[in-house]
Amino acid sequence: MSEGTIMRAQIRLGRIAGIAIGLHYSWFIIALLITLSLAGQFHSTQPQWSDAVIWSAAIVTAVLFFVTLLLHELAHSLLAKAKGLRVRAITLFALGGVSQIESEAPDAKTEFWIAIVGPLSSLAIGLVCLGLARLSGWTRGAEADTPVAAVLVWLGYINFLLAAFNIIPGYPLDGGRVLRAIIWFFNRKPAQATQWAARVGQAVAFLLILLGLYQFLVGRNFGGLWLAFIGWFLLDASRSSYAQVELTEELRRRTVGDIMDRDCPTVEAHLSVEDFVHEHLLRSGRRCFIVVQGRRLAGLITPNEVRQVDWEQWPQTSVQSVMRPAAQLRIVAPDTPVVEALKIMGREDVNQLPVVSNGQLQGIFSRGNIVGFLHNHAEVLRH
Ligand SMILES: [Zn+2]
């Protein structure tokens with residue numbers, strides 16, 4: 001599942017191997033549905049069981065289902081950790097779990113194993129559950145007649161279903177990630193691999209929706225609605241994964257000159273701090289000013305520099321004497337890639353970079369420019 005589907009409202013359950021485990025409130029709806037439908041099923045197939053037995057079996061099943069989902073996500077997360085990636089949290093919600101793995105897998109093979117270990121562990125859990133059910137006297141094809149066997153058989157089949165659903169080759173499902181890893185391995189272009197896998201995800205999603213609607217409308221089967229709903233969910237997730245890659249790629253192609261502010265506020269070097277504060281800083285509401293001597297960049301001044309001076313001194317102090325001089329500033333050229341500029345800002349811990357070419361100030365590049373760029377492009381992609 002993708003990180004985009006993570007929702008905030010959740011209960012923190014604690015940590016396993018340093019990974020925060022959270023339970024989203026929507027999970028309770030599914031737990032309730034599972035408990036109710038299992039209780040109904042036990043009532044009709046095992047009328048000899050007491051209400052207490054039926055309800056405890058149903059509740060235990062719902063809780064253990066949660067444990068198996070958690071094991072599936074832990075398999076992804078622990079393998080990612082073993083490969084040196086940072087895993088922040090696992091969140092379980094109505095439709096499954098999400099592992100928040102912070103960094104991208106470094107290569108296609110790592111991505112492949114991190115993705116496939118989830119469905120493999122669900123398959124293994126399913127086999128273990130059915131194996132245990134068998135040890136407790138259940139035979140395949142027969143109705144489980146003890147509560148323990150009934151719980152194990154249900155968990156066994158639901159985990160097979162989980163493995164099957166997750167291996168559907170539609171990004172961002174596990175199977176889609178496996179597909180992405182395989183494409184990545186052959187064409188060596190991770191971004192393009194994501195886009196192809198997301199396209200397949202959309203195609204699979206359309207098929208699920210059509211199949212589900214057909215079952216519901218023609219076959220009068222309510223299960224079809226579930227299928228259509230899952231398809232719709234996958235369609236949404238794969239669409240947003242596609243758009244995300246598009247955006248990142250778009251940003252990767254841009255240079256500082258493409259998105260910098262050209263009309264950044266400038267002040268003359270000889271101006272007094274007093275005039276600077278009243279005429280520029282307070283009036284414009286901006287926080288960063290380029291100090292110029294003619295057209296040449298002399299330095300940068302922000303409220304931080306103003307604060308170094310006692311306000312009584314403001315009229316006698318020039319902007320030039322308190323500014324951060326150009327020689328101390330990290331500057332970039334207009335053809336610096338945006339991604340590179342971001343790295344510099346992070347390393348130097350600054351929020352803006354003057355853009356200079358041939359000693360002439362061209363503009364200023366700030367984090368705000370990127371936010372603006374992403375905002376505009378996200379709007380375009382959505383339509
Ligand atoms: Zn998974």
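In which kind of crossing, left-handed or right-handed, does H3 pass H5? Keep that question in mind while we look at H3 itself. The structure you see is a predicted model.

**Helix H3, end to end**

Helix H3 covers residues 108-135, 28 residues in total. From its first C-alpha to its last H3 reaches 40 Å, close to the 40 Å expected at 1.5 Å a residue. Even so, H3 bends by about 30° at Val-117, and a proline, Pro-119, follows within four residues.

Look at the two ends as well. The N-terminal end of H3 is capped by Asp-107, with a side-chain oxygen 3.2 Å from the backbone nitrogen of Lys-109. After H3 comes Gly-137, whose phi is positive, near 105°.

**H3 beside H5**

Now back to the opening question: H3 passes H5 in a left-handed crossing. H5 is made of residues 174-187, and the axes of the two helices come within 8 Å. They cross at roughly 160°, and angles over 145 degrees count as roughly antiparallel, so that is how H3 and H5 lie to each other. On the H3 side, the residues that meet H5 include Ala-108, Phe-112, Ala-115 and Pro-119. Among their partners in H5 are Val-178, Ala-181, Ile-182 and Phe-185. When you look at such a list, remember that an α-helix has 3.6 residues a turn, so residues three or four places apart point the same way.

| Pair | Crossing angle | Axes | Crossing |
|---|---|---|---|
| H3 and H5 | roughly 160° | within 8 Å | left-handed |
| H1 and H2 | about 140° | 8 Å apart | right-handed |
| H6 and H7 | about 160° | 7 Å apart | left-handed |

Helix H6 (residues 190-217) packs against helix H7 (residues 223-253) at about 160°, which makes H6 roughly antiparallel to H7. H1 (residues 26-45) and H2 (residues 51-82) pack at about 140°, and they are therefore oblique to each other. In the H1 and H2 pair, Trp-27, Ile-34, Leu-38 and Phe-42 are among the H1 residues that take part. H2 contributes residues including Ile-54, Trp-55, Phe-65 and Leu-69.

How far apart are the end C-alpha atoms of H2? They are 46 Å apart, which agrees with the span that 32 residues should have at 1.5 Å a residue. Just after H2, Gly-84 takes a positive phi of about 90°.

**Two loops to visit**

Most residues other than glycine have a negative phi, and most peptide bonds are trans. With that in mind, find Ala-17, in the loop between strand E1 (10-16) and strand E2 (19-24). Ala-17 has a positive phi of about 50°, although it is not a glycine.

Next, find Pro-172 in the loop between helix H4 (147-166) and H5. A cis peptide bond joins Tyr-171 to Pro-172, with omega about 10°.

Notes: Residues numbered from 1 in each chain as written. Predicted model: local features only at pLDDT ≥ 70, side-chain atom pairs only at ≥ 80, totals over all residues. Heavy atoms only, no water. Expected span 1.5 Å × (residues − 1). Bend = angle between axes of the 7 residues up to and from the residue. Polar contact = N/O pair within 3.5 Å; in protein donor to acceptor, adjacent residues only side chain to side chain. Axes fitted to C-alpha atoms, helices over the stretch in contact; angles between N-to-C directions. Parallel < 35°, antiparallel > 145°, perpendicular 65-115°, else oblique. Left-handed = near helix turned anticlockwise from the far one by under 90°. Contact = heavy atoms within 4.5 Å.
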